[in-house]
Amino acid sequence: MDHQPKFFENLSGAGKAIAVLTSGGDAQGMNAAVRAVVRMGIYVNAKVYFIYEGYQGMVDGGDNIVEVSWESVSSILQVGGTVIGSARCKSFRTREGRLQAACNLVQRGITNLCVIGGDGSLTGANLFREEWSGLLEELAQKGKIDAEAVKKYAYLNIVGMVGSIDNDFCGTDMTIGTDSALHRIIEVVDAIMTTAQSHQRTFVLEVMGRHCGYLALVSALACGADWVFIPEYPPEEGWEDTMCVKLSENRARKKRLNIIIVAEGAIDCHNKPITSEKVKDLVVQRLGFDTRVTILGHVQRGGTPSAFDRILASRMGVEAVLALLEATPDTPACVVSLSGNQAVRLPLMECVQMTQEVQKAMDEGRFLEAVRLRGRSFENNLNTYKLLSHKKPDAELPKSNFNVAVLNVGAPAAGMNAAVRAAVRVGMTEGHKIFAVIDGFEGFARGKIKEISWGDVGGWTGQGGSILGTKRTLPAKYLEKIADQMRTNNINALMVIGGFEAFESCLQLYEARASFEEFKVPMCVLPATISNNVPGTDYSLGTDTALNAIVETCDRIKQSASGTKRRVFIIETMGGYCGYLANMGALAAGADAAYIFEEQFDIRELQANVEHLTEKMKTSIQRGLVLRNENCNENYTTDFIYQLYSEEGKGVFDCRKNVLGHMQQGGAPSPFDRNFGTKISAKAMQWISKKLKETYRKGKVFANTDDSVCLLGMRRRNLVFQPVAELKSETDFVHRIPKEQWWLKLRPLMKILAKYKTSYDVSDSGQLEHVAMLPKEAETGAI
């Protein structure tokens with residue numbers, strides 16, 4: 001955007017009262033949203049109220065509507081569910097109930113409502129808003145409020161946030177709670193896979209989601225399930241035979257287990273339900289396989305919110321308060337939503353209508369239309385799943401006669417194996433031979449190359465680290481040997497999965513094209529590093545898993561401090577010179593400060609932080625958390641900061657320090673990383689196929705243009721291929737970071753939520769978009 005930055009300092013909430021409620025089914029991350037609304041509201045000098053027990057509390061009034069303070073929302077960020085309670089409310093559906101609710105709000109001067117719930121809760125809020133002036137008139141006639149109040153509180157502003165594990169709301173890529181529910185499902189699937197493998201069993205897993213197959217579809221993608229049943233895409237007539245053939249083929253290929261995932265709302269093409277028991281009986285009768293059913297149930301709603309959900313909810317909560325402050329009587333009720341990695345505002349009723357359209361399409365048997373209405377993200381997930389789960393017979397596969405090599409470069413990152421699996425399977429579907437390179441460019445130079453097939457990558461999605469092996473070595477010193485190997489093995493294209501080294505490697509190969517004909521082939525970089533420091537992309541593969549590891553540890557550390565009181569923890573995170581992990585970890589863990597290289601700091605700032613913590617210790621929140629990126633400053637080391645805090649905080653608080661180290665690189669990949677890896681890899685392999693066809697001349701591949709060596713990155717709302725040559729100017733090679741980083745815009749959020757005065761650029765906020773206008777090509781920051 002080229003317009004001048006707009007800061008929210010001129011948006012004052014003085015004299016305004018905001019109330020927040022959670023309604024409908026609970027979801028992990030609702031508390032993070034409640035916390036953000038309360039703190040942002042207080043920050044702009046508004047009065048903020050909790051409404052306990054959802055709409056029921058609004059109707060009942062009394063102690064259910066209370067003014068809250070900054071400390072009221074301390075320590076709730078990491079708690080699942082909703083601390084202010086949620087209830088299904090029959091009385092709010094009647095005009096009588098809404099009249100009582102309006103009376104309770106007016107008595108407290110509340111005319112701004114922030115509703116966190118599903119489509120039912122939000123529709124109710126909109127109806128309440130439409131009736132508001134009529135309700136006030138009626139209250140005045142009954143003598144419950146005076147004419148002055150009718151004039152003063154004439155308009156009700158409403159902003160919604162969607163909290164639902166089902167991800168069934170149109171207009172938003174991810175609803176609050178969906179990512180955490182996927183975490184629960186994948187934890188269970190990973191655990192079941194080990195036992196199923198021991199006994200050669202088939203497991204039928206039933207997941208939640210009501211009439212939406214999102215959870216089932218994404219978890220099937222994330223664990224490489226053999227079959228998935230979802231309401232939007234019922235199986236074709238005769239699916240029973242097809243499924244049984246597929247299962248027995250997999251067993252014949254020495255696969256020791258089968259996983260079938262069933263969405264709770266799954267149906268066949270005649271709209272008849274398909275239940276997990278029905279699927280189990282079918283497998284047992286037809287194939288005689290040892291089969292078990294596991295119904296996950298409410299486990300999916302429970303547990304602590306993931307890092308993604310905490311950041312999403314915090315961003316949406318702050319955006320919701322800004323939307324309420326800017327609302328006029330003419331703005332429609334809006335819902336704060338996520339598109340790519342941007343918070344956007346959409347008219348509430350447009351979203352609700354589109355959500356209802358999906359159900360209507362399904363009821364009428366227009367299933368393709370239902371999938372399209374669910375949005376780009378859903379459609380892409382479905383297409384990718386279809387591409388990867390079923391191997392076509394060799395006779396049906398095209399023969400391209402191209403050889404594509406896949407390798408990992410740099411430090412290991414969770415999700416690399418999911419990306420390799422997708423590359424191999426999509427590549428084979430496109431008719432190529434796929435070669436795996438062991439140990440990066442070092443292995444390449446030594447000829448550690450072997451052909452890899454469909455079955456070789458089975459079960460790779462859930463594996464952490466790098467199965468192919470990875471090295472940080474750059475190709476520059478082995479150029480001749482690598483060129484030899486490419487000639488010997490007739491390699492026509494390269495897919496390089498890795499961090500900053502992968503980007504640099506392809507840049508070196510591109511620049512060596514003048515001397516080596518062998519490098520004139522299509523090459524694609526997939527960014528994979530926990531540091532998130534690769535130019536040309538907002539997210540790198542592995543970052544989400546690392547962030548979850550950091551946040552989980554911070555939660556434990558904070559908990560240990562709750563017993564001792566008055567303790568400050570200083571935690572060092574990885575990331576090289578990139579402060580992404582420290583900054584986002586601080587936002588997700590509710591830290592008091594995060595020191596990063598991108599935002600220079602001096603002794604005065606350190607002193608201010610100590611004073612801030614000293615003040616905090618006088619309140620009921622007697623603990624502090626400070627994150628420090630490993631390379632944020634060569635002199636202000638973790639030890640230095642620890643000693644400074646210890647000395648300056650003497651008598652007020654004591655200090656402890658933790659260096660998180662390599663635990664950030666390990667662990668099973670998060671659902672986000674499994675799916676992001678799978679989807680970008682599939683897209684990259686399709687791009688490679690396209691480039692191979694375009695550059696094939698007279699019996700050989702000759703790719704000599706800039707756009708034949710690209711990096712596939714996520715930019716704002718789209719996945720884009722960018723020539724590495726063009727990204728060179730956007731890169732700080734000394735510190736190995738991009739010159740501009742989107743997440744620095746979120747830095748003030750962390751400070752505001754930790755009670756620091758700061759300025760926050762809200763230029764990207766405030767434009768109400770329309771559902772249909774969201775970019776159709778958007779491939780999302782959602783999973």
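This is a predicted model: local features need pLDDT of at least 70, side-chain atom pairs count only at pLDDT 80 or more; totals for chains, interfaces and linings use all residues.

Reader: How many salt bridges does the structure hold?

Author: There are 44 salt bridges in the structure. One of them joins the side chains of Lys616 and Asp592, at 2.8 Å from N to O.

Reader: What parts of the chain does the Lys616 and Asp592 pair link?

Author: Distant ones, 24 residues apart. Lys616 belongs to helix H20 (residues 603–616), while Asp592 is in the loop between helix H19 (580–589) and strand E19 (593–595).

Reader: Why do Lys616 and Asp592 count as buried?

Author: Buried means under 20% relative accessible area. Lys616 counts as buried because its relative accessibility is 16%, and Asp592 counts as buried because its value is 5%.

Reader: Ok, switching to helix H17. How many residues does H17 have, and what does it span?

Author: H17 covers residues 500–511, which makes 12 residues. From its first C-alpha to its last it reaches 17 Å, close to the 16 Å expected at 1.5 Å a residue.

Reader: Is H17 mostly covered or mostly open?

Author: H17 is mostly covered, with 10 of its 12 residues buried. Among them are Phe500, Phe503, Glu504, Cys506, Leu507 and Tyr510.

Reader: Glu504 is on that list. What does the side chain of Glu504 meet?

Author: It meets the side chain of Arg736 in a salt bridge, at 3.6 Å from N to O. That pair links distant parts of the chain, 232 residues apart: Arg736 is in the loop between strand E26 (731–732) and strand E27 (737–738), and Glu504 is in helix H17.

Reader: So what are the relative accessibility values for Arg736 and Glu504?

Author: Arg736 has 28%, so it counts as partly exposed. Glu504 has 18%, so it counts as buried.

Reader: New topic, sheets. What is the strand order in the open sheet of 7 strands?

Author: The order is E3-E2-E1-E4-E5-E10-E11, and the pairing is mixed. Strand E3 (65–67) and strand E11 (342–347) are the edge strands, each pairing on one side only. From one strand to the next, the twist averages 25°.

Reader: In which sense do E1 and E4 pair?

Author: Strand E1 (residues 17–22) and strand E4 (residues 112–117) pair in the parallel sense, over 5 bridges. For instance, Ile18 has Asn112 in E4 as its bridge partner.

Reader: What about Val437, where is that?

Author: Val437 is in strand E13 (residues 433–437). It is buried, because its relative accessible area is 0%.

Reader: And what does Val437 touch?

Author: Leaving out residues up to four places away in sequence, Val437 touches Ala405, Val406, Leu407, Gly443, Phe444, Lys448, Ile449 and Leu468.

Reader: Which strand holds Asn403, and is Asn403 buried or exposed?

Author: Asn403 is in strand E12 (residues 403–409). It is buried, with a relative accessible area of 10%. A polar atom of the Asn403 side chain lies 3.2 Å from the backbone oxygen of Asn489.

Reader: What else does Asn403 touch?

Author: Not counting residues up to four places away in sequence, its contacts include Lys433, Phe435, Asn490, Ile491, Asn492 and Ala493.

Reader: Last one. Where is Thr384, and what does it touch?

Author: Thr384 is in helix H13 (residues 376–389), and it counts as buried because its relative accessibility is 8%. Beyond residues up to four places away in sequence, Thr384 touches Leu221, Thr678, Lys679 and Ala682.

Key. Residues are numbered from 1 along each chain as its sequence is written. Side-chain values use heavy atoms; hydrogens and water are left out. Helices (H or I, at least four residues) and strands (E, at least two) are DSSP runs, numbered from the N terminus. The expected span of a helix is 1.5 Å times one less than its number of residues. Buried means under 20% relative accessible area, exposed over 50%, partly exposed in between (1.4 Å probe, protein chains only). Contact means heavy atoms within 4.5 Å. Two strands pair if DSSP finds at least two bridges between them. Axes are lines fitted to C-alpha atoms, for helices over the stretch in contact, and angles run from 0 to 180 degrees between N-to-C directions. A polar contact is a pair of N or O atoms within 3.5 Å; within protein, one must be able to donate a hydrogen and the other to accept it, and residues adjacent in sequence count only if both atoms are side-chain atoms. A salt bridge is a side-chain nitrogen of Lys or Arg within 4 Å of a carboxyl oxygen of Asp or Glu.
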